[in-house]
Amino acid sequence: MKAAITGKGGVGKTTFAATLARLYADEGRTVLAADVDPDANLGLALGFSEEEVASIVPISKMRSLVEERTGANAANKFFKLNPRVDDIPDTYAKEVNGVKLLVMGTVDTGGAGCVCPEHVMLKAILSNLILRKDDVVIMDMEAGLEHLGRGTASCMDQFVVVVEPGLRSIQTYGQVKRLAADLGITNVRVVANKVRGEDDEQFIRSKVPEEDLLGFIHYNPEIIDADRRGVSPYDASRTALEEIRRIKMRMDNN
């Protein structure tokens, strides 16, 4: 299973991505979770402590590693577009609760188009992750697919947009669907989070085609409290865990 989880900030995609990763780990699978969101907090949701998360250096900030692999430095304006990265997940990932976490980081482009060594490294690592055929790879991404190239995207099993019952969130789903189509991907699925009741469910169903809807995660104070306490949502709410387990079953069967 290779899945990219995306959505607007605050909709709960990290909660979903982390719980999904831990459910696969429960099955004895080798699971690698890649945090590709600039607001990286997947580590806390997986069960790392605040101190452990603070000690993790994102790959994009490892200047000496980027220079070594791409050949780029202050004296050399040219660099490799296909750096060796196959060893990076196993070397730099940190493990908790059976899940290996790889924090990718982001690249400040200053508004300019970015074909820089750091960006090349990140894209190469993501492409390599897709080639790990025996592993489950869960990518927690920002509300876009900028890090994915056409070749990487075509090998993904699932694109999942986490939404809330609101028009702005639904618009993000539409934007992601258009971006995915540009990469040749037509299968974009939806998980509705923070659903308060029947009215919210009906709103989602009116905006999302039935074949795209994976399921609902209902509004849950236990998850909010877990975030406050820095506890993995997997360990905080049996109700949310079972809802996500049912969504996972649908993903596995598609």
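Helices are DSSP runs of H or I with at least four residues, numbered from the N terminus. The structure described here is a predicted model.

**Helix H10**

Helix H10 comprises residues 221-229. At its start, asparagine 220 places a side-chain oxygen within 2.9 Å of the backbone nitrogen of glutamate 222. After H10 comes glycine 230, a residue with a positive phi, near 70 degrees.

An α-helix has 3.6 residues a turn, so residues three or four places apart point the same way. Aspartate 225 is partly exposed, at a relative accessible area of 31%, whereas arginine 229 is exposed, at 51% relative accessibility. The cut-off for "exposed" is over 50%, so arginine 229 falls in that class.

Side chains of opposite charge can pair when their charged atoms come close. Across the whole structure, 18 salt bridges are found.

| Salt bridge | Closest N and O atoms |
|---|---|
| Lysine 248 and glutamate 27 | 2.6 Å |
| Lysine 248 and aspartate 252 | 2.8 Å |

The salt bridge between lysine 248 and glutamate 27 ties together parts that are 221 residues apart in sequence, because lysine 248 belongs to helix H11 (residues 238-252) and glutamate 27 to the loop between helix H1 (13-26) and strand E2 (31-36). The pairing of lysine 248 with aspartate 252, by contrast, lies in helix H11, where the two residues are 4 residues apart and thus separated by about one helical turn.

Lysine 248 itself is buried, with 5% relative accessibility. Glutamate 27 has a relative accessible area of 46% and is partly exposed. Aspartate 252, at 36% relative accessibility, is also classed as partly exposed. The salt bridges extend into a network that links Glu27, Arg29, Lys248 and Asp252.

**Packing of H1 against H11**

Two packed helices are described by the angle between their axes and the distance between the axes. The axes of H1 and H11 come within 10 Å and cross at roughly 70 degrees. Angles of 65 to 115 degrees count as roughly perpendicular, and H1 is therefore roughly perpendicular to H11. On the H1 side, the contact is made by Phe16, Thr19, Leu20, Leu23 and Tyr24. On the H11 side, Leu241, Ile244, Arg245, Ile247, Lys248, Met251 and Asp252 take part. This contact has 8 nonpolar, 1 polar and 3 charged residues. Lys248 and Asp252, listed here among the contact residues of H11, are also members of the salt-bridge network.

**Packing of H4 against H6**

Arg63, Leu65, Val66, Arg69 and Thr70 of H4 meet Pro117, Glu118 and Met121 of H6. By class, this contact has 4 nonpolar, 1 polar and 3 charged residues.

One of the H4 residues in the contact, leucine 65, is buried, with a relative accessible area of 4%. Setting aside residues up to four places away in sequence, leucine 65 touches Ile88, Tyr92 and Met121. The C-alpha atoms of leucine 65 and isoleucine 88 are 9.8 Å apart, although the two residues are separated by 23 residues in sequence.

**Aspartate 140 in strand E5**

Which strand holds aspartate 140? Aspartate 140 lies in E5, which spans residues 136-141. At 0% relative accessibility, this aspartate is buried. Its contacts beyond four places in sequence are with Ile5, Lys13, Thr14, Ala17, Ala34, Asp35, Val36, Asp37 and Leu42. With one of these residues, lysine 13, aspartate 140 makes a side-chain polar contact of 3.2 Å. Aspartate 140 and threonine 6 are 134 residues apart in sequence, yet their C-alpha atoms are 6.4 Å apart in space.

Note on methods: Residues numbered from 1 in each chain as written. Predicted model: local features only at pLDDT ≥ 70, side-chain atom pairs only at ≥ 80, totals over all residues. Heavy atoms only, no water. Polar contact = N/O pair within 3.5 Å; in protein donor to acceptor, adjacent residues only side chain to side chain. Contact = heavy atoms within 4.5 Å. Nonpolar A, V, L, I, M, F, W, Y, C, P; charged D, E, K, R; others polar. Salt bridge = Lys/Arg side-chain N within 4 Å of Asp/Glu carboxyl O. Buried < 20%, exposed > 50% of the residue type's maximum accessible area, 1.4 Å probe, protein only. Axes fitted to C-alpha atoms, helices over the stretch in contact; angles between N-to-C directions. Parallel < 35°, antiparallel > 145°, perpendicular 65-115°, else oblique.
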